[in-house]
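Hi,

Here is the structure I promised to pass on. Have a look at it first, and my notes follow below.

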Amino acid sequence: MSTTTVDPVMAEAHRLATRKAMMRLIPLMVAIYFLSFIDRTNVALAKIHLAADLGISAAAYGLGAGIFFIGYALLEVPSNLAAHRFGPRRWIARIAVTWGVLSTAMMFVQGNMSFYALRVLLGIAEAGLFPALMYMVTLWFAPKDRAIVVGWIYTAPAVALSLGTPLGASLMQFDGVGGLHGWQWMFLLEGLPTILYGVVLFFVLPDRPTDAKWLSTQEAQTLEKHAVIDTHGHVELFSSDWVAAVKRPTTLLIALIYFLNQVAFVGLYFFTPSIVAQMHVRSPLLVGVLSSSVGIGFLIGVLLLPRIHRRLTSGCMFLGVLTAGLVASALAFMASSGNQDVQIVLLAVTGFFAGGILPSYWHVAMKRLQGIQAAAGLAFINTVGLLGGFVGPYLFGLAETMTGRSDAGFNVVVVASILGLCLVPLLARAIRAADHPAGAGNRVLNARA
């Protein structure tokens, strides 16, 4: 039996270099992902005003909110290949500038068609940001450190949902200034910082350790040695490994469960401001503050739940418990109709389960995908999830159109979550079969005997 000896001096050098890289890079990556969520979800605050000022119905809004994810999803993989070709620094900066311009252009929406067109273009412009950030993680960090980095990156959307709604609501208080509506000021003043930050990233974000002036030569070399950077961008990306990764039952099942989660969660956070407004909350600022409850629950979830998951041996059991918690919180929200204080708390609880589960999906997926199959499989899972981001708001919009109430979308949360819960045992079985193929075959033979 062979053993691997780890040089304690080299291990300590790598630990210190990793910490330095985290301190420098994580704030930059979190900030750009934060801005992306601000710019993609601020339309939720504008929903009521788009209806009043432009006649955009709930169904049209739901379609426009969700259609963002179509171009976003379809261009995820090509965009990530471009990030490899041009370098993540140039590509992430390009993404930020173009989506900032288009987010600002949302102030010129005139009706349904211009709303749809700008939402599609915004999705296309922003496509590839998350995979590009993940690609940067592979260039800089060893596999054992990546889960920690990804967890920190996921705090960005959680904070955006917590702070973004009060911030957007505050900007909408400029209603009437300069002859512009409040929602026009919001799109303008939240889009411009993204453009400026994209320019900043072009100059301060290094592509890889050897490009970082704040690292010594030894620190850069030890980071690149442990990062295994040669698993991306090679010719075999176009080989049958793509098909092999996507055809895996575990990949397909995780993608489907993630899709159903996104149907529920994305629909929820796009419609939370209108759900709160229907609680007879008249002040736009108060609507924004109360709507942040979903983001607060999300933030607590992504900070707490991955640390619990790390101590458990059964990832699927944990996924099942969290999904069941999502079903229970959604049902409790529907049962507490009329009790607004309880419903605000339950919005936070729902965000805790629906958002806090996200790092666990990637933890389960990454354990069973390595090398080029990880690039293909994880991109596929993310693409399928983004399609759920289209379906969710559209179904929420239909539910509101049919019932006249925004909180009718909680029926979508319940149904999608129950379907996801039903798939978790199938995922567990597929994982056991993949991890112990001989044992799985013997069980089949014994069952037939």
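How many contacts beyond four places in sequence does the model have for residues 440-449? There are 2 (contact means heavy atoms within 4.5 Å), and pLDDT, the predictor's confidence in each residue from 0 to 100, stays under 50 over that stretch. Residues 229-239 also stay under 50, with 18 such contacts. The chain as a whole averages a pLDDT of 83, and 88% of the residues score at least 70.

Some ground rules: this is a predicted model, so local features need pLDDT of at least 70 and side-chain atom pairs count only at pLDDT 80 or more, while totals for chains, interfaces and linings use all residues. Residues are numbered from 1 along each chain as its sequence is written, and side-chain values use heavy atoms, with hydrogens and water left out.

Now the helices (DSSP runs of H or I, at least four residues, numbered from the N terminus). Helix α14 (residues 284-309) packs on helix α16 (residues 340-356) with axes 7 Å apart, at about 40°. Axes here are lines fitted to C-alpha atoms over the stretch in contact, and angles run from 0 to 180 degrees between N-to-C directions. That makes the pair oblique, meaning not under 35 degrees (roughly parallel), over 145 (roughly antiparallel) or 65 to 115 (roughly perpendicular). Among the residues that meet are Leu290 and Gly297 in α14 and Ile344 and Gly351 in α16.

Helix α2 (residues 43-54) and helix α13 (residues 249-277) come within 7 Å, axis to axis, and cross at roughly 50°, so α2 is oblique to α13. Their contact includes Val43 and Lys47 of α2, and Tyr269 and Pro273 of α13.

Cheers

Definitions and conventions. Helices (H or I, at least four residues) and strands (E, at least two) are DSSP runs, numbered from the N terminus.
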